[in-house]
Structures are given as structure tokens and as C-alpha cells.
Amino acid sequence: MAKILRNLPQIQSLLEQPLIAEVAGRYTQAETIEALRVLVGDLRAGLIAQETETLPDFAGAAFAKAVATQIDATRAPCLRSVINATGILIHTNLGRARLAPAAVRAMQIAGTDPSNLELKLDTGKRGSRHDHVEALICDLTGAEAAVAVNNCAAAVLLSLMATANGRAVVASRGELIEIGGSFRLPDVIAQSGATLREVGATNKTRLADYANAIDTDTAVLLKSHTSNYKIVGFTFAPERGDLAKLAKEQNVILIEDLGSGVLIDLSPYGLKDEPVVADILKAGVDLVMFSGDKLLGGPQAGIIAGRRDIIGQLRSHPLMRAVRVDKLCLAALEATLRLYRAPYDPMAEIPVLQMLCEPASGVNARATSLADALLKRGIKDVSVVPAAAFVGGGTLPEQDLESFAVTIDLPAVNARDLMSDLRGAETPVIGRIEREQVMLDMRTVRDGDLATIVQTLAQISGI
Ligand SMILES: *Cc1c(COP(=O)(O)O)cnc(C)c1O
């Protein structure tokens, strides 16, 4: 082995090979050197691990082609499309909500052309970027005023900075949530400069617990939607209306972090515990905040809606500039919000809601058509099985949605390796493993993705 290792050529001498010099001419010298380093490095590692026994013909066309392929790979975008076959509708690692075509078109226009982002077209005076979505949000939620920021985490931080301004925030011990590993409510409250006053117990917090905690230093009662966990058994939390009454009597502000936040009642589709934003504001909550890219089905954003005076404070707060949304987001958000109003039906227009309300028979039909196409292509060990899909995005972890999946059991490849091959495909396919089998859940897959999945699996099986 030591001898063959010594036969590995120097990068400089490889560059002098005519076919490689030709590659360097087509691409750049620097990219070619980098690609040669990678390929020779892989060969060296293969020799040491005794997986490689012979060296390629470094002067040949095949090696030059490998160099070009390696350069192409580094030129390809890092952020790429994948097929979401996880059955998790709002998968944070896969970019959460898919945008509606209307939202994508709006982003394209906002990105291509100058716009009236901060210009009042009637007077020619400077306008506010926030105006493009405020009226729509108010119309859909019944709020007096609204504003959008970078995401819901930013919405919570900004709201607490502006309203508590270093004073005390009262929150129930049962609602001190952590989302996605880095957003921990107690830490966010601390970062806002406010002090957290925890009240009640993990499972039960009563109105009196809130009332007893309020003193002259208290600015905010903070309620949080425990979106990614559920406390079951003997539990109690006061009604929103009662909390709102208490807040008003004591002259403090009631804020609710909703996380997902839905604009329309989704209980007919099986989502029973997602409160509708308009109902929460009607119950007397002063300020609510929710994500743009969870069940709303739009771009990443944090929407804050509620009392006009408080929204005014947020708009003029120094942190607003740091968390404001950009024009692409505003364009997509406005277009998405419009799909909630006549003449549109949001359940038909917004991809997240389409996936949510598709009848199980439609999902089953997609699974069957994928299984049939795979069989026709010669991939035999596939079957259609009932599965449970989930909303995801930290929302409703308990509630599963009836779904169907295709399981794939290739004779020569174990499930873990198959998952890895699927991830490594030109269009990566992201599934999940259950009972040692790869499952592709069809609730989150589009009909248009099926041909790509068949092609990918055929390639992996070498047929
Ligand atoms: C998801 C979530 C957040 C964070 O929202 P981002 O838009 O991801 O910043 C905050 N609070 C709750 C309750 C959530 O579910």
C-alpha cells in the first residue's frame, strides 16, 4: 500500500496533463486545483482504508471528466429543492410552508422591479413598508392594528421590549415553552430586559395566581400557546376572557404568543386545539403574535396584531429596524393574506392548507399510483400502508392526520443506507424509517414529484 500511495501524483503534474489543462481552461485554474485535491484526497483515503486497490489513468478522459463533474458539484447551489416525503406538513428543516404560486409571483415582481415599498403613491411622500399588509391583517383578525417582523421569535422579543420595558412579565409555569432548541421563553424574556415572574404550577395555574403576582412593577401578563407539547390529566388554566378582564382592571397588558396562529377555523379538518386569531382578540387579548410560515402558509414572518397604541409603540421602537421584514417577504405575505379573502378559497389555494384538507382517499390514490409506477419500473418490494402525518413546525404534536405511505424494501440495501442514497440523489427525497423500512408519506408529496421519485429509486437500485 505504501508503494501505491507513493504513486499518487502531485497536483502540479496533473495540471500539466493535456486533458486536465483543457478542463482548467474551461473552468478556472483555482477550481481545477481544488477538484484535484478532493479527488486525489479521496483516492488516498480509499487506499489507506484498503477500499481502493488500483489508481485511475490520470491522463485519461475518464479522470478529466471526474474533475469536471467535481467542479460542477461545487458550482451547484447549496440550497436546493428536495421532495418532502416525511409526512410532516410544516417541516422546519425543510423550509416550512411551501408558498402559493400567487405569493411566488409577487416575490418575483418585488425582486425584479422597483416598488412603492416606502413611498406613498398619492402624495409622493415617504410611506411605511408596514402599510402593505396592515389593513389585510386587521381585516382577517379583527385587530385594530398590526405589523409584521422577521419571525415570531422576533415578534415576542420586540413586543416584550416595547411593552415591559424592563419591568415584570407574569407567565404561567405550564407555558414556559422551548421551541426548536434555541427559543426558550424564559431566556427571551430575560433578553428583553424584563424580569420573569413565574406563577402557578406546571399543570395548574389559576386566575388568582396571576392576580397575586401583579404589583406596581408588573407590565405584562404573557400567555403562550403550548404548541409543541401537551400537559394532560389534572390541568387548569384560566379562560382568556378572565385573564383579559384581570389585565384591564390592573392596567397591565395581556400578550399571547400563538406560534402557529390560524386565521380560519381548522377544526373541520381535525385540528381542534388551534385557536383562531380573531377569537383570541375578541376575548380581550391586547396583543397576539404568530408565525407567517406555519399554518398561515406564507413566508417566514412574525405577525403582531392587536391594540393600536401598542402596535404604534412597536413601530417606533429602535429594535424594529433590526427585525423588520424585507420587500420579498412583504410581497409574499400580502399575496398569501389575499388568498384568505374573496374570491379565493384558502383551503384550495394555500399549499399547507391543501395538504391538510386533502381527503385520505386522495393521499391513498397518490400512494397507489407511486407503488404501481415503481412496480412497473421493476422495483418490486413496495407496498402501500396507512400512515400518520403530522402538522409539524412545533404545532399539535399529538394530532395525527390520516395518511398513506409507500414502504420500500430493496433487497440489497438496508433502510439507513437507502435513506442516505435518497438524500444524496439529484433531487433529494426525504422520507422516514419505521420498523426498519423506508416510508415515503404521500400527504406531503405532490403528484408532480412521483416521476422523480421513481427515477431516483430506479437509479439507486441500478435498473
Ligand atoms: C414556532 C413558535 C415560535 C417561533 O416562531 P418563529 O416564527 O419560528 O420564530 C414562538 N412561539 C411559539 C408558541 C411557536 O410555536
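**Figure 1. The second largest pocket of this predicted model has a volume of about 580 Å³.** Among the 19 residues that line this pocket, Arg80, Ser81, Val82, Leu94 and Gly95 are the closest to its centre. To read these pocket views, picture a 1 Å grid over the protein atoms alone: a pocket is an open set of points with protein on both sides within 12 Å along at least five of seven lines, while a cavity is a set of points where a 1.4 Å probe fits but cannot get out, and lining residues have an atom within 4 Å of a point. Grid points are joined across faces, edges and corners, and the volume is the space filled by probe spheres set on the points. By class, the lining of the second largest pocket divides into eight nonpolar, six polar and five charged residues. Here Ala, Val, Leu, Ile, Met, Phe, Trp, Tyr, Cys and Pro count as nonpolar, Asp, Glu, Lys and Arg as charged, and the others, Gly among them, as polar.

A word on the model itself: it is predicted, with residues numbered from 1 along each chain as its sequence is written, and local features need pLDDT of at least 70, whereas side-chain atom pairs count only at pLDDT 80 or more. Totals for chains, interfaces and linings use all residues, and side-chain values use heavy atoms, with hydrogens and water left out.

**Figure 2. The largest pocket has a volume of about 760 Å³.** Its lining takes in 34 residues, and those nearest the centre are Glu175, Lys223, His225, Thr226 and Ala237. Strand 8 (218-224), helix 11 (240-250) and strand 13 (395-408) each give at least two residues to this lining, and strand 13 provides the largest share, with four. Helices (H or I, at least four residues) and strands (E, at least two) are DSSP runs, numbered from the N terminus. Sorted by class, the lining of the largest pocket holds eleven nonpolar, twelve polar and eleven charged residues.

**Figure 3. The ligand sits among 13 surrounding residues.** Ala153, Ser227, Asp257, Ser291 and Lys294 are the closest of them; a residue belongs to this shell if one of its heavy atoms lies within 4 Å of the ligand. Helix 8 (152-163) and strand 9 (253-259) each supply at least two residues of the shell, which by class comprises five nonpolar, five polar and three charged residues. Taken alone, the ligand exposes 380 Å², and the protein buries 95% of that. These areas come from the Shrake-Rupley method with a 1.4 Å probe.

**Figure 4. One cavity of 30 Å³ or more is found in the structure.** Rolling a probe the size of a water molecule over the atoms shows where empty space is left. About 30 Å³ of space lies in the largest cavity, whose lining includes Ile408, Asp409, Leu410 and Glu436. Helix 19 (415-423) and strand 16 (437-441) each contribute at least two lining residues. In total the cavity lining divides into six nonpolar, two polar and two charged residues.

**Figure 5. Glutamate 434 belongs to strand 15 (residues 432-434).** Its side chain joins that of arginine 432 in a polar contact of 3.0 Å, meaning a pair of N or O atoms within 3.5 Å; within protein, one must be able to donate a hydrogen and the other to accept it, and residues adjacent in sequence count only if both atoms are side-chain atoms. Glutamate 434 counts as partly exposed because its relative accessible area is 29%; buried means under 20%, exposed over 50%, and partly exposed in between (1.4 Å probe, protein chains only).

Figure 6. Most residues other than glycine have a negative phi, and most peptide bonds are trans. The bond from alanine 342 to proline 343 is cis, with omega near 5°, and proline 343 lies in the loop between helix 15 (327-338) and helix 16 (346-349). Asparagine 165 has a positive phi, near 45°, and is found in the loop between helix 8 and strand 4 (168-172). With 61% relative accessibility, asparagine 165 counts as exposed. Glutamate 436 also has a positive phi, near 60°, in the loop between strand 15 and strand 16. Glutamate 436 is exposed too, at a relative accessible area of 64%.
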